[in-house]
Amino acid sequence: MKINGIHYRTVWMEQSVVKMINQAILPHFFRIEELKTHRDTARAIKDMIVRGAGAIGATAAYGMAQVVLEAPDNSRFLEVVLEGSQTLASTRPTAQNLFYGIERVLSAARRAGSTEEARRKAVEAANLVAEEDVSSCSSIGCHGAALVRDGARVLTHCNAGWLAFVDWGSALAPVYTASREGRSVFVFADETRPWNQGSRLTSFELMNEGISHSIVPDNASGFLMQRGEVDLVIVGADRIAANGDVANKIGTFEKAVVAHELGIPFYVAAPTSTIDRNCPDGSAIPIEERSEDEVLYCGGLLENGEFGRVRLAPPGARARNLAFDVTPAKYITGIITQNGVFAPNEILKALAGKG
Ligand code: MRU
C-alpha cells in the first residue's frame, strides 16, 4: 500500500537480507529494518517488529530461506536447516501462517538435489509465499467488498490491514476495495490494548488511504453496536480450526458475542494459509501469553519527541497478557477467503479452491 504516495510492502528480501517496516515504533517513526541472519529475523518476529499473521508467515518464509542460505555445504546441511526451522517455529505459537511459511520453504529445500539447488529453491519458495499472500489478500478484498455497502460503518479489532500481511491485508482489504470502487465507508478501530495495533497501525493505514475512522476504546465498541452505530464487524484471524473456530487478537471473542446478540453480521477475513486442518476445534489452538510489561506500561511518542513508554500500574502490580482468544464458529457469520465467503463449519472447502 502507499505511504505518502510511495508504495511499500511490509516485508521483502534482497539477496540474503530480510527488510521490513518496523511496526513497533509506527506511526511516529518510519524505519526499515535490515535483518542479516535468520536469528535476527526470528527475533524481529518474537519482539513484534513485524506482526500480524500474514506478515509473520512471509517473514518466517524469508527467515527459512536465510537458514538454507546460511547452512554449511557439508554433511550437517540438513541438520542445521532443521535447527533453523526450530528457531523460527519457536518465536510465536498462535499464528498458523508462521508454520505454513516455514514448511513451504523447508519442503522446497528438502526436495532439491543439491545444496546449491536447495538455496535457489528456498528463496524462490519464500518469494512465492509472499506473492501468494498479496494475491490472496487482493482477492479477499474483492469478495469482501460485496459485503460493504455505500455508507457502511465497519468495526474492526486489532490491525488486519496491509501491515499485518505483505500487502492489502485481510479485514481491511474489503474496506480498501469498496472505497476505491467509490463507496463511502466509515471505520471504528478498536485501540486494541495492550499493544495498540488499532490506535497505532490501523489508524495509520486508514489515514494513508484517506478513509474516515474513529479510534475507540476496546470496551466501547459493544455499546456502539448496541446504539446501532455499527453495520458489520470484520476482523482477521491468526488460526482457523477445522470446525470453523477462530483465534484472533484478545478481545475478538467478546465483540463476536455482542454482535451475535444484536444480530450484527460478524465476518472473519483470512487467506487459506491461516486454516489449520489438523486442528479439530478452537480448544486445540495454542494461545500465546506475552510479557506483563506490555500491560503494565504503554508505549508511544513522549513529549521530548522520542519513542518511549510510561508506566500505568502501581509499582509491584502484576498482570496477565493473553495475546489471543478463540471465537467459536457459531458466532461467526462467514469467513472471507481468497476463494470466496464460506460458512465457518464449511471452511475446509476453502482449501479445495473457489467456493
Ligand atoms: O499480536 P499480533 O499483532 O501479531 O496479532 C495480530 C492479530 O491478531 C490480527 O488480527 C491477525 O493477525 C489477523 S491479520 C493477519
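**Entry 1: the model**

I noted that this is a predicted model. I kept that in mind for every entry below.

**Entry 2: around the ligand**

I began with the ligand. Which residues come nearest to it? I found 18 residues around the ligand, and Arg51, Arg92, Asp238, Asn248 and Lys249 come nearest. I then sorted this shell by class. It divides into 8 nonpolar, 6 polar and 4 charged residues.

Next I looked up the elements behind the shell. Helix 2, which spans 53–70, supplies at least two of its residues. Strand 11, at 246–249, also supplies at least two.

**Entry 3: contacts with ligand oxygen atoms**

I checked the distances one by one. Arginine 51 places a polar side-chain atom 2.7 Å from an oxygen atom of the ligand. Arginine 92 also uses a polar side-chain atom, and here the distance to a ligand oxygen is 2.8 Å. What part of alanine 53 lies 2.9 Å from an oxygen atom of the ligand? It is a backbone N or O atom.

On its own, the ligand has 410 Å² of accessible area, and the protein covers 100% of it.

**Entry 4: the largest cavity**

How many cavities of 30 Å³ or more does the whole structure hold? The search finds 2. I took the largest one next. Its volume is about 150 Å³, and the ligand sits in it.

I listed the lining. It has 20 residues, and those nearest the centre of the cavity are Arg51, Gly52, Ala53, Asn159 and Asp238. By class, I recorded 9 nonpolar, 7 polar and 4 charged residues in this lining. Helix 2 and strand 11 came up again, each with at least two lining residues.

**Entry 5: the second largest cavity**

I moved on to the second largest cavity, which has a volume of about 70 Å³. Its lining includes Met48, Pro194, Trp195, Lys249 and Arg290. Glu294 and Asn321 are also among the lining residues. I counted the classes as 6 nonpolar, 2 polar and 3 charged.

**Entry 6: the largest pocket**

I then turned to pockets. The largest pocket has a volume of about 290 Å³. Of its 14 lining residues, Trp195, Glu294, Cys298, Gly299 and Arg309 are closest to its centre. Which elements give two or more residues to this lining? They are helix 10 (293–296), strand 14 (297–301) and strand 15 (307–311). The lining has 6 nonpolar, 4 polar and 4 charged residues.

I also compared my lists.

**Entry 7: backbone features**

I finished with the backbone. The peptide bond from leucine 26 to proline 27 is cis, and its omega is near -5°. I found proline 27 in the loop between strand 4 (17–21) and strand 5 (32–35).

A cis peptide bond also joins arginine 193 and proline 194, with omega about 0°. Where does proline 194 lie? It is in the loop between strand 7 (185–190) and helix 7 (197–209).

I placed methionine 48 in the loop between helix 1 (38–46) and helix 2.

Definitions and conventions:
Residues numbered from 1 in each chain as written. Predicted model: local features only at pLDDT ≥ 70, side-chain atom pairs only at ≥ 80, totals over all residues. Heavy atoms only, no water. Near = heavy atom within 4 Å. Polar contact = N/O pair within 3.5 Å; in protein donor to acceptor, adjacent residues only side chain to side chain. Areas by Shrake-Rupley, 256 points an atom, 1.4 Å probe, with all protein chains shown as cover. 1 Å grid on protein atoms, 1.4 Å probe; cavity = no way out; pocket = protein on both sides within 12 Å on 5 of 7 lines; lining within 4 Å. Sits in = over half its atoms within 2 Å of the grid points. Helix = DSSP H or I, 4+ residues; strand = E, 2+ residues; numbered from the N terminus. Nonpolar A, V, L, I, M, F, W, Y, C, P; charged D, E, K, R; others polar. Points joined across faces, edges and corners; volume = space filled by probe spheres on them.
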